[in-house]
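Subject: Handover of a structure, with notes

Dear colleague,

Please find the structure below.

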Amino acid sequence: MPDMESVVPADQVSQTHSLTVVIPAYNSSATIGVAIASAREAGAERVIVVDDGSTDGTAAIARDEGAEVVRQENSGASVARHRGAALIETEYAIFLDADDAVIPQGVARSLGALTADPSLAVAAGRVIGFVGDEAGSLLPATYVPSGTAELLTVGYGPWPPGAAVVRVSALRASDAARPDPLRPRYADDYELLIRLSMQGGITRHDEPSLRYEMAGGKSARSAGAALAAKEALRAHYARALRIPITLMAPMRMRAAANKRVARGHQLAGRRLAALKHMLMAYVQGGLSLFERRRQVTGD
């Protein structure tokens, strides 16, 4: 891990680093202004908003805030992120959700880590979770992947996409690398991290770098489809890279999906709905003990 004493102060980021923030946005008029402002405060010289077929004032607000706006038919955040990524010309990039906000000090720490160690592809900070207008709290730190094999074995990414700064040269190399990407509608940030891990190292520091909206629908919307996409990615890369892993059994996936849905309902204050889905998750989790789990050997 690089020496964090060499990190550039937050007020010098825009003077010493070349940073683009890409923001996919769909009907995000209530939050897009805050997301863009946070990107500017963190030193971004370019902010690209990919408007994913919004029917509200998202695009107009983004333009008023000085962002570059690219419009597309509604195709999902993964397509919007990929389209925005193709436009990046700076040395570093952040992929930020439209209801989140980056934190300048944490971004500066990540940029300093990448500058200090050219072998790194990604550097990320801690995450402050919040709901609505609350101040939020520091979320527990998850693992820091040591490489591609650990990402596939553990089976999930360690942070939301906006918490990390990406080296764009590694991003471009990952686009051209084998195996070909799946580019799923869901879990695309997990695939991006897998592919980046094939190009360089990954590190995390303890400075918060992202304010993450916990009740924005991420946990409850299409939880089953998101988990299925994640498992398809694990199988795809494990086979191609000959890394043995154990996939989630179907009933265990249903249990995990219901836990995600329950968490979303709980954060939104819908306690009865949260309880219903959590009970379903416990029952499915018990049934999953009798399932045979599928192995991917990489042979």
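Predicted model: local features only at pLDDT ≥ 70, side-chain atom pairs only at ≥ 80, totals over all residues.

Which residue in E9 is the bridge partner of Val122? The bridge partner is Ile202.

Residues are numbered from 1 along each chain as its sequence is written, and side-chain values use heavy atoms, with hydrogens and water left out.

The strands

Helices (H or I, at least four residues) and strands (E, at least two) are DSSP runs, numbered from the N terminus. Two strands pair if DSSP finds at least two bridges between them.

Strand E6 covers residues 120-130, and eleven of its eleven residues are buried, so E6 is largely enclosed by the rest of the structure. Buried means under 20% relative accessible area, exposed means over 50%, and partly exposed lies in between (1.4 Å probe, protein chains only).

E6 pairs with strand E9 (residues 201-213) in the parallel sense, over nine bridges. With strand E8 (residues 164-167), E6 pairs in the antiparallel sense over three bridges; there, the bridge partner of Val122 is Val166. Strand E7 (residues 137-138) also runs antiparallel to E6, joined to it by two bridges, and Leu138 of E7 stands opposite Ile128. E6 and E7 form a hairpin with six residues between them, and Gly132 in the turn has a positive phi of about 65°.

The helices

Eight of the ten residues of H8 are buried, so this helix is largely enclosed by the rest of the structure. Among the buried residues of H8 are Asp188, Leu193 and Ser197.

Helix H8 (residues 188-197) packs against helix H9 (residues 223-241) at an angle of about 20°, with their axes 10 Å apart. Axes are lines fitted to C-alpha atoms, for helices over the stretch in contact, and angles run from 0 to 180 degrees between N-to-C directions. H8 and H9 are therefore roughly parallel to each other. Angles under 35 degrees count as roughly parallel, over 145 as roughly antiparallel, 65 to 115 as roughly perpendicular, and the rest as oblique.

Tyr190, Glu191, Ile194 and Arg195 of H8 make the contact with Lys230, Leu233, Arg234 and Tyr237 of H9. Contact means heavy atoms within 4.5 Å. The residues of this contact of H8 with H9 comprise four nonpolar, no polar and four charged. Here Ala, Val, Leu, Ile, Met, Phe, Trp, Tyr, Cys and Pro count as nonpolar, Asp, Glu, Lys and Arg as charged, and the others, Gly among them, as polar.

H9 also packs against helix H10 (residues 250-267), at an angle of about 130° and with their axes 8 Å apart. H9 and H10 are therefore oblique to each other. Their contact includes Ala223, Gly224 and Leu227 of H9, and Met253, Ala256 and Val261 of H10. By class, the contact of H9 with H10 has eight nonpolar, one polar and two charged residues.

A residue in H11

Ala281 lies in helix H11 (residues 271-288) and, at 2% relative accessibility, counts as buried. Leaving aside neighbours within four places in sequence, Ala281 is in contact with Ala255, Asn258 and Lys259. Ala281 and Ala255 are 26 residues apart along the chain, and their C-alpha atoms are separated by 4.1 Å.

Yours sincerely
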